[in-house]
Every structure is written in C-alpha cells, then in structure tokens.
Amino acid sequence: MTFKDYFKKYPNEEGYFGEYGGSFIPPTLEEEMKRINEAYYSISKSHEFISELRSIRKHFQGRPTPVYYCNRLSEKYGGRIYLKREDLNHSGAHKLNHCMGEALLAKYMGKKKLIAETGAGQHGVALATAAAYFGLECEIHMGEVDIAKEHPNVMRMKILGATVVPVTHGLKTLKEAVDSAFQAYLKDPINTIYCIGSVVGPHPFPMMVREFQRVVGIEARDQYQEMTGELPDNIVACVGGGSNAMGIFSAFLDDKDIKLHGVEPAGRGIDKEGEHAATLTLGSPGVIHGFKCYMLQDKTGEPAPVYSVASGLDYPGVGPEHSMLKDLERAEYHHIDDNECIDAFFELSRLEGIIPALESAHAIAYAIKLAKANPKQSILVNLSGRGDKDLDFVVDTYGLPEDREA
Amino acid sequence: MNRIDNLFQNKKQDILSIYFPAGYPNLNDTVPNLELLQTAGVDMVEIGIPFSDPLADGSAIQAAAKQSLDNGMKLRLLFEQLKDARQTVSMPLILMGYWNTIYRYGVDQFLKDCKKIGIDGLIIPDLPLEEFEAHYKSDFEEYGIYNVLLACPETDEVRFQKLITATQGFLYLVSSSATTGGSVKLDEEHKAYFNRIKKIETPSLIGFGINNKESFNYACQYANGAIVGTAFIKALKKNKAKDFIKKIK
Ligand SMILES: Cc1ncc(COP(=O)(O)O)c(C=O)c1O
C-alpha cells in the first residue's frame, strides 16, 4: 500500500480506515455527527480558521515545541535518542493541539459548552484551557479513581473554570468517563459539543483529532532534518487512544524505511486479564463507544477491565487508524509494564532533567530498549507530556529510587 | 407471517410495548416477566441484552443492565432461558442490544438462534443503516428476522423517508434526542415532529420518556402506540409490575 495520497483517502467518507472506524451510534447522535463533519470540512479548511489556529499555535501554545537530543541518555544506553518536546506545549501535553482545534471549531459552530472525558486529566486540563481562551463553558467527566490519582490536574481544571463531574460506575476510570460524557452530550447536542480526547470515537473524531495533531509530526520532521541532515530510523510514541502517536507517525508514514513503534501499557503483566491495556497486542476487532477497532473484550463482547499505572493509557479500545496500521504492518506495537515505566520516569528525570508524564515514560522505556538493541540507530520519541501531575502518586507509591534500593 | 406484522394488522391503536432487560431484577426472571406481561395484556415485548456501555440509554437502564450483567446474564444464557418461551408466550418478541455483543457472538449464529426461539425482530441502536444494508441485510432476510430502525426529532426529512422505507415491522420514534429515561416533552416542537408520523403508512411506536398514562395517551394520538422502558423497570424493581401495566392501559 502506498501512503502518497493517504490523508485524502483515509478515512473514507464513512469514516473507515480499512475495516476500522465508522460510526456505530444511535440516531440521536447521528445527525449531530453529520453536522460536526460538515462543519469540519467547511470551516476548518477555510483561510480564516487556519490563520487563527496558526496564530494560536504560535502565540498561545508556544509552538513549535523543540526537538531535543538526549545526550546522557544516549550515552548510557547507546543509539541516538531525540525527543519531540510536547511536554513544553502549553498546559503540559500534546492534548492542547487538538483541544484548541476542537474548541475553535465549536466557536465557529456557535456552541456554548465543551464536554469531554479525561483519564490522566491532561485532556481535561487542555480542554479547560481552550474553553477559558474562547470564553466557553466546560464540563469534564473523570473517573473517581483518576480524580484521586491526578489531584493536581483536577485542581487545574477547577481553577480554569471547568466543572469536574466525578464518574462513579464500573472501574471508575477512562472508559466509564467516556460513557458519562456521551450521556451528558446527548442531553443537549445542539448547544454542546463533545470534544473527545483522542483519535477514537465515531467518525469524524478520529480524523479530526489526527488532523489537529499532525502539527507535531510536521514540525518534528523539519526540525529533525534541520538538526541532523537526515531522517530518524525509528519513531516511538505511547498509545492510549493513540492521538500523540498519530500526530508524530503521520509525518513519516510514506517513508517505508522509518520504523514506527507504538507503545502500549502492560500494567502488571499482559498475561493477566484486567491488569494491562495492551489493546493492539492482545485485542480483537470489536465495537466500543461508536467505532470499530481492536478491543480488549471477553467472549461475550463485554469490554474487558483494563489497568495501567498511567491513567491516560488504560482504555480497552484504541484508535481505528492504529488498528489499520497494525494490520498493514506499517506500525509495530509493543508493550511496557509499570515497573519499566517507573524506571524510565526516573532515568529521564535524572539523566536529562526532564520529568516525563507516566504515559510518555512508556515511550521512553521502549526507546531505551530499542537503543540497547540497535546502538547505531536514531530514535525520535514523542515526549507527549510532562510529569508534574504524577509526582505525588509516583513518590507515594514507589518512593524515590534510592529509597527503593535501600 | 411475522408476529409484528400480525400485531399491526390487527391493532392500529394504543399498542403497548414494554422494554425490560433480560435477567432483571433476578437472573431467572426473564420468562416469568414475559408471562406476566402477556397475562396483563401487553401487546409486544422488547427484551434488552445487557451491555456495559449502552450509548443510547439513560442511567436507570444502564444501572439495570449492570445489575443484569452482575447477575450473570449473557446472550448465550438468554437464548437458553428463552428456549421454551414460545410454549407460553405468543406476543411478538424483540431483542434489543448493542452491536458488539451480536458481532462477537457471530451474526449468523445469532440470527439462527433468534429464529429457533421465535424472536421476531431486533433493535440495535448503534448499528448504522448503511452498515446493515451493506453487510447483514440478506442474512436477516434469510432468517426472517426484522431490523427495526429508530428515528429521532433531529432526523432530517431525507433520512426520515429513507428510514420509513428501510425499517421492518415498524418505525421506532425516539421522542427526544436524549437517552432513555427522561420524560416525553409535550411541547410544540415535538408536536411538529410527531405530526410527521401521522402522515406515514409505516406503523410506528413512540419510545423514550413514556412513563405514565398521560404520556402514553399522548403518544398514541400520533403513533400506533408506545414503548415503555425505564418507568416499567422502576415498577419491576418495586415489585409493582402488574399494577403499573393496569394503570397505563
Ligand atoms: C501525556 C499523555 N500522553 C499520552 C496520553 C495518551 O493519549 P493518546 O494515546 O491519545 O496520545 C495521555 C492521555 O491522557 C497523556 O496525558
């Protein structure tokens, strides 16, 4: 398969990436999705929209974010490891890239309120930031378990003026937060808009979020080339729903020799059901939250319980585009467990002075493995977010490395 | 002849259809509930296949589905429970469920099992018409199982016309754009929407938010009848199912 006209062909008009994606939703949502889709095509391609978004990217978000060479990390493990610094994007993660796009679209559509789910709280914070910027109301649905774990982000959302709705059913994490946000959205689809947090959900969300995240890959490709005079051998990104990974993968799809690696959470071990969220590694095709994708599910089609130390990664589904890229073998998907993630979290902090988000630490951990195995190769990692939100949780749960060794 | 067609041929008005989740409130209540409803004079029943992430349902049905799942209800078990139901139950039976449960079970096997038991139709709120027509329509036809489609106030005219012709058995009119469990709005805007259906030939039932005699009668002015879910589930929970039906009829 060629990736030449890829972005025009995928997804197709019905929102399919190969056999994945589509729009499996009740008719009550159907009309609104059509409206968002039409608005996306008519508004977001307009000169006015693009200029406004570009100005926001530069002056408000602080883009372009740098690409950075990890001197000490590369020295220790081999290879040449580079980071695309999405942790330096305003509000601390790549999530603001699609939130500003979605919120700008909402403004053009005359919406009054933004609704979303959040796992780690990064998407919630980013959307609350966008809502404040545009003067829109914002309601964030978040599982009680994540609220307890991601306290700083909950406070940030509240300070930014958002309402945080605790979700108390099921495992009280990301999947349930999506259920709850959909419910709230259905109550008033005319005045509100669901700003989904990743490249998931019914068409057109996976496409829209990818398009708004492509800025990461476009920048990184230029920057890397400018720094080194060549292109990287490997791209690495963590995969929850898959937005940061799609953002960076998208710029390299057509370069067949560049390996694309997505990293999923193995949690407490992929051999134990309910203890990981390695969806692409172990899932099977299914339908969840309005779209078809690889999915962790039981024999009867119920979504399986999922877990990861990183709240932004524990989702039983995954973006339809990743599902297709896996089948096409254009991208490879690997997994990193909690302990490897925590080790990488401290390694990057202490070797480079960069505290990564636990989600992003999965990508770092895999990059370290890759570097050890391929000391001559270059690796560009999407460092999707900073770890400030995770400090208390990590130290309380795992202690500092010197305490652990003692 | 499909029992749904039969029903609408013999009865044009005040059709009462009841929705309840399988295995609720207790795992083995499915068939007793059906028998109770038949005795109480209900015209048709929709049995919900529980799913943990039902996009179209409000909190009451979600909670009931959760309880049913916790009780141990599964599609396979539901078919087992319904094996001999047709010996005592003659009204049309519809299964309502979400696509992943059916997809995962195997569409062909699912239809085969439905036919064996005597299921007349299916309501699958998250299976888009286009997907159905492209991949599954012929299988449904082969087994003689109806695919009942849903329309809602936001449905535009072109789509509405398409749904009228494509639906089988009857058209399910969602009273408002929200999830199940609200209350039906008796305002002008909804009148316009309901008036649309007065003019159509396709039989129709109004559902979502029908919770008492008043809203049932209101719905019956426009459609051939109505579907009651959440309100009935609440009555079931309080062990007042019979009273509830008596009051609404
Ligand atoms: C920093 C960070 N990276 C990654 C993710 C995972 O999302 P995605 O796979 O869509 O990039 C999250 C989600 O909350 C996050 O906060």
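Tutor: A polar contact is a pair of N or O atoms within 3.5 Å; within protein, one must be able to donate a hydrogen and the other to accept it, and residues adjacent in sequence count only if both atoms are side-chain atoms. In this predicted model, local features need pLDDT of at least 70 and side-chain atom pairs pLDDT 80 or more, while totals for chains, interfaces and linings use all residues. Residues are numbered from 1 along each chain as written, chains are lettered from A and ligands numbered from 1 in written order, and side-chain values use heavy atoms, without hydrogens and water.

Student: Which atom of Gly242(A) lies 2.7 Å from an oxygen atom of the ligand?

Tutor: The atom is a backbone N or O of Gly242(A). A backbone N or O atom of Gly240(A) also lies 2.7 Å from a ligand oxygen, and a polar side-chain atom of Ser198(A) lies 2.5 Å from one.

Student: How many polar residues does the shell around the ligand have?

Tutor: Ala, Val, Leu, Ile, Met, Phe, Trp, Tyr, Cys and Pro count as nonpolar, Asp, Glu, Lys and Arg as charged, and the others, Gly among them, as polar. Here the shell has 12 polar, five nonpolar and two charged residues.
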